[in-house]
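Please read these notes with the sequence and the structure open beside you.

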Amino acid sequence: MDYNDKNQFNENYNFNSGSHNDFNDDQHRNVNFVMRDYEVEPIKKRGRKKTFFGYVAVALIAAIIGGLSSGYFVYSQLNVNQSGAEKPIMAQDVNINLTDDVYFAVAVAEKSQKTVVGITTQTTKQVNTWFGPQTQRSQSMGSGFIVDSNGYIVTNSHVIEDGKYEKITVSLIDGSIEVGEVLWYDKSLDLAVVKINRTNLPVVELGDSDTLMVGEPVVAIGNPMTLDLERTVTQGIISGLNRAIIFDNGTVIEPLLQTDASINEGNSGGPLFNAKGQVIGINTAKIKTAEGLGFSIPINTAKPIIDRIIKEGKLTTVYVGISGVEVETYETALGIEVQAEYGVVIAEVIKDSPAAISGLQVGDVIIAIDGSKITSMQELKIKLYEYKDGDNAEITFLRNGNEQKASLTLKTKPANL
């Protein structure tokens, strides 16, 4: 696969979960990230004039855990000349009350532990051995959290083996075990929604991941390594925002929250809480070769999906009908300067699609949909989860550097796309 192929994505692009190491029936295979058997590289997000991608080869395993860091105030002093120093130049004034209870994680755990579940996935597949093809069963374990009292649970797509499962069971805090049904999953987002036949369940409170700040304390609750360690609580901080991860096959997941979480296998799909006990992320991956580099899917990515599935019981996906690539990637791969600071360059328009009917053309640069800024195909795909078949959307795009608008009537994505 050449460089251009690796960096061209479309709204139909799904992850290839890669192969897994299988274990015997009595062994729990630790669930890792969706691309767990691939070498992966974190992307250094940049402005237009900075370095494009910083590649550091890493392997991902599942689970993200949040954490706590006590706040402190830092100031700097500048010596102006040999004879003396001026008044110190202070950083932005931030009032931090050090009398606050630093054990806020206790309150978060007390509030939210009962909403966290363990998810065990059983799979069966054919493997080649010296004795010919053999049927091999395996079992993996991850985490999830309850978002509706009628048994709706959010987790990672890779926790439920991207839909390729034989049986799913969900362990609740009262010790009961329920059979789970997968209502929806998306490998490219590494998100899934599972339903169990229970009512009156405790429910998490969802926060707002768009308002997070670097350095903000967080708490994670999950099932590291084994269900024997269920609902383990850890704490840390938000280390970075709007991160991205690239795999060796060119697949990218973004945007992600970065945390200095202490990562343990089996925490995939578990919640990352803010100091108020609100879920602000879904733990998904860790850089294996480094400490304190973990990643979580922002809860705002999942909110429209959760809302629609709870209301409608299912989720149909609409499409625009293009293949495209972000401006930075396009310029770097082809050495062509685009008359746009950001956006998605249209590489193909699918025949009879909403994009084709609206008059969008190859070379146009999509920069917004209904006023929401679009910088990548992933952002466009996430935004489309807010729409239903027949909904209208206004696309803002650049053609030869001139801003134009087009009205689209979105349609359900055909099964062959």
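The numbered points below go through salt bridges in this structure.

1. The model is predicted. The number of salt bridges in it comes to 10. As background, side chains of opposite charge can pair when their charged atoms come close.

2. Start with Arg-399 and Asp-364, which form a salt bridge whose closest N and O atoms are 2.7 Å apart. Arg-399 belongs to strand β23 (residues 392-399), while Asp-364 sits in the loop between α5 (354-358) and β21 (365-369), so this pair ties together parts that are 35 residues apart in sequence. Both Arg-399 and Asp-364 are buried.

3. Next, look at Glu-386 and Lys-383. Their salt bridge has its closest N and O atoms 3.0 Å apart. Is Lys-383 buried or exposed? Lys-383 counts as buried because its relative accessibility is 14%, and buried means under 20%. Glu-386 has a relative accessibility of 41%, so Glu-386 counts as partly exposed.

4. Lys-405 and Glu-394 also meet through their side chains in a salt bridge, at 4.0 Å from N to O. Lys-405 is in strand β24 (residues 402-409) and Glu-394 is in strand β23; the pair links distant parts of the chain, 11 residues apart. With a relative accessible area of 36%, Glu-394 is partly exposed.

How values were computed
Residues are numbered from 1 along each chain as its sequence is written. This is a predicted model: local features need pLDDT of at least 70, side-chain atom pairs count only at pLDDT 80 or more; totals for chains, interfaces and linings use all residues. Side-chain values use heavy atoms; hydrogens and water are left out. Helices (H or I, at least four residues) and strands (E, at least two) are DSSP runs, numbered from the N terminus. Buried means under 20% relative accessible area, exposed over 50%, partly exposed in between (1.4 Å probe, protein chains only).
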